[in-house]
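Please open the structure in a viewer that can select residues by number.

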Amino acid sequence: METTHEVFNQPEPLVGYNLFETNRPLRDALKFNAPQLQVAHLQELGAAIGSAEMQAHARLANTHPPELHTHDRFGRRIDEVEFHPSYHLLMAAAVGAGLHGTPWTGTSASPHVLRAAGFMLFTELEPSILCPVSMTYAATPALRSNAAVYADWGPKLGSLWYDPALASFKDKPGLTMGMGMTEKQGGSDVRANTTQAVRDGSDAWGERYAITGHKWFFSAPMCDAFLVLAQAPAGLSCFFLPRVLPDGSRNAIHIQRLKDKLGNKANASSEVEFHGASAWLVGEEGRGIPQILEMGTMTRLDCALGTSGLMRQALGIAINHASQRMAFGKPLIGQPLMKNVLADLALESEASTALAIRLARAFDRQADEHERLMARLLTPVAKFWICKRGSHFAQEAMECLGGNGYVEEGGEGIMARIYREMPLNSIWEGAGNIMALDLLRGLRKGDALAALAKELAPARGQHAALDRLADALPARIEAMASEAEARRLAQDVALAVQAALLAQTAPPAVVGAFCASRLGGDWGNAFGTLGAGTDFDSIIERAQPR
């Protein structure tokens with residue numbers, strides 16, 4: 001070499017492509033679950049968020065995290081969070097794509113499936129800003145329990161306009177919502193909440209209360225309003241708490257600090273105190289827990305969708321790298337062991353996509369008893385299994401890039417951001433144990449066994465390992481006597497449903513390899529341990545991001 005710094009054999013970043021057009025597993029899942037769905041909107045979204053410009057905004061929003069300003073220069077309390085302009089641009093893009101409250105106001109025949117696909121695609125660009133988007137989605141239907149509030153807020157929660165101003169709802173074209181449920185002493189055990197709600201009269205929005213207490217995790221504190229839990233005379237209740245009151249004054253929400261998190265850097269998660277903050281009852285006093293469970297169902301769907309999107313992004317980056325990087329005389333993607341790893345990751349990604357979109361279909365068909373039962377069963381199952389697989393998946397995909405993947409810089413530096421983001425969805429809205437216990441509760445609702453058997457029936461005869469698992473599940477469910485086995489049951493229900501879905505949507509190479517590895521035991525304890533007879537090339541070709 002005549003120069004000491006000639007750069008070669010460094011892959012070009014994965015940029016300037018249409019995330020939707022190249023995602024064959026997602027497209028096939030949509031055809032299966034919503035065959036009449038119009039996908040032009042998704043085509044446009046996929047092209048927009050695959051651009052270098054949008055990737056730059058995602059990087060900037062994470063590089064320059066939100067900053068809390070508790071007071072102005074004169075010492076007046078303001079409790080405002082300042083974001084980088086790229087954060088607001090990304091929020092405007094997500095809201096403009098209808099990823100928040102539009103399923104409750106839209107005209108699509110499959111609004112939840114359409115939104116789910118868009119949510120997955122946007123996650124590949126930047127997941128942090130989707131926290132307030134997801135909470136707006138979940139909170140909107142809950143507001144119907146207060147008709148007066150919903151009449152004023154509902155239409156603007158479904159608006160395609162994003163307005164970051166801290167102003168009265170009357171003066172804004174679009175609104176977002178957050179939630180405040182957990183407290184430092186209770187976490188998932190919200191019955192331990194100590195925040196108090198005291199009657200403070202009534203007005204056009206109904207019964208008004210003064211809220212005093214705190215919230216340990218209060219995400220997106222610059223949202224326009226929040227649904228919070230507090231102890232009322234009749235017990236734990238749900239309240240609508242706006243940032244700006246109807247008279248234009250600011251509510252008594254004091255932001256104590258922003259959380260310094262492992263990942264999810266662009267999103268502001270905070271600790272707050274309420275000092276006699278004004279809030280309005282949503283639903284009945286003492287019915288707070290059933291209401292939060294309904295909202296949790298929506299956000300748990302988004303956890304499964306978000307992790308599936310991150311898996312797809314990590315897989316795409318890994319394949320892009322391996323297709324260009326030369327090692328030992330040929331591209332990495334031509335090396336037998338790398339083929340095994342990439343194919344194994346592709347199976348996991350496609351199975352996660354299939355399960356998450358299937359769950360979204362159940363939300364679209366709640367008038368159908370079978371779909372109601374499947375939503376009850378698959379929500380904790382998908383949240384548990386997909387999110388639990390995410391961190392392991394991200395580590396293996398990062399390893400495909402070697403040291404480049406561990407560095408927080410450039411196009412491949414996105415992988416480090418993905419890795420830090422992955423644990424969040426597993427923890428948020430109920431960690432693994434909560435989901436496994438929720439599955440046990442769901443199995444006691446209606447004829448859950450018959451619903452599960454009906455779900456698996458179309459795939460019967462496709463693979464012996466799937467048939468064996470489907471045969472064994474009913475007896476295991478009926479004999480479930482110990483909560484200690486709930487995680488294993490959640491895992492196996494997830495794998496059975498994933499296999500059944502793939503049998504109806506994926507090519508034989510994918511179905512055979514998934515069933516042989518995940519259900520048949522022809523697999524090790526790490527990714528990249530598929531059997532030698534696997535059709536690696538076909539599986540990887542299907543997963544190609546370009």
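Predicted model: local features only at pLDDT ≥ 70, side-chain atom pairs only at ≥ 80, totals over all residues.

How many nonpolar, polar and charged residues does the lining of the second largest pocket have? The lining has 12 nonpolar, six polar and 11 charged residues.

Select Pro290, Leu293, Glu294, Met295 and Thr297. The volume of the second largest pocket is about 780 Å³, and of the 29 residues that line it, these five are the closest to its centre: Pro290, Leu293, Glu294, Met295 and Thr297. Next, colour the elements that give two or more residues to this lining: helix H6 (130–142), helix H8 (288–324), helix H10 (369–400) and helix H13 (432–442). Helix H8 supplies the largest share of the lining, eight residues.

**The largest cavity**

H5 and H8 each contribute at least two residues to the lining of the largest cavity. That cavity holds about 130 Å³ of space, and the model has four cavities of 30 Å³ or more. Which residues lie nearest the centre of the largest cavity? Of its 12 lining residues, they are Leu14, Tyr17, Gln55, Glu124 and Gln313. By class, the lining of this cavity divides into eight nonpolar residues, three polar and one charged.

**Aromatic pairs**

Now display the side chains of the aromatic residues. A pair of aromatic rings is described by the distance of the centres and the angle of the planes. The count for this model is 12 aromatic pairs. Select Trp153 and Phe240: their ring centres are 5.0 Å apart and their planes stand at 75°, which is over the 60 degrees needed, so the pair is edge-to-face. Trp153 belongs to helix H7 (residues 147–157) and Phe240 to strand E7 (residues 235–242), so this pair ties together parts that are 87 residues apart in sequence. Are these two residues buried or exposed? Trp153 is buried, with a relative accessible area of 1%, and Phe240 is buried as well, with a value of 0%.

Move on to Phe218 and Phe226. Here the ring centres are 4.3 Å apart and the planes meet at 40°, so the pair is tilted. Phe218 counts as buried, at 0% relative accessibility, and Phe226 likewise counts as buried at 0%.

**Charges over rings**

Select Lys259 with Trp216. Lys259 lies over the face of Trp216, at 3.5 Å from the ring centre. Then select Arg199 with Tyr209, where Arg199 lies over the face of the Tyr209 ring, at 5.9 Å from its centre.

**Two residues with a positive phi**

The next two selections concern the backbone. Most residues other than glycine have a negative phi, and most peptide bonds are trans. Asn264 has a phi near 55°, a positive value in a residue other than glycine. Asn264 sits in the loop between strand E8 (253–258) and strand E9 (269–282), and it is buried, with a relative accessible area of 5%.

Where is Phe328 found? Phe328 is in the loop between strand E10 (326–327) and strand E11 (330–331). Phe328 also has a positive phi, of about 55°, although it is not a glycine. Phe328 counts as exposed, at 81% relative accessibility.

**Helix H16**

Select residues 486–505, which form helix H16. At 1.5 Å a residue, the 20 residues of H16 should span 28 Å, and the end C-alpha atoms are 29 Å apart, which agrees. How many of the 20 residues of H16 are buried? The number is 16, and H16 is thus described as mostly covered.

Gly521 counts as exposed, at 58% relative accessibility.

Notes: Residues numbered from 1 in each chain as written. Heavy atoms only, no water. Phe/Tyr/Trp six-rings, centres within 6.5 Å; stacked < 30°, edge-to-face > 60°. Helix = DSSP H or I, 4+ residues; strand = E, 2+ residues; numbered from the N terminus. Buried < 20%, exposed > 50% of the residue type's maximum accessible area, 1.4 Å probe, protein only. Lys NZ or Arg CZ within 6 Å of the ring centre and 35° of its normal. 1 Å grid on protein atoms, 1.4 Å probe; cavity = no way out; pocket = protein on both sides within 12 Å on 5 of 7 lines; lining within 4 Å. Points joined across faces, edges and corners; volume = space filled by probe spheres on them. Nonpolar A, V, L, I, M, F, W, Y, C, P; charged D, E, K, R; others polar. Expected span 1.5 Å × (residues − 1).
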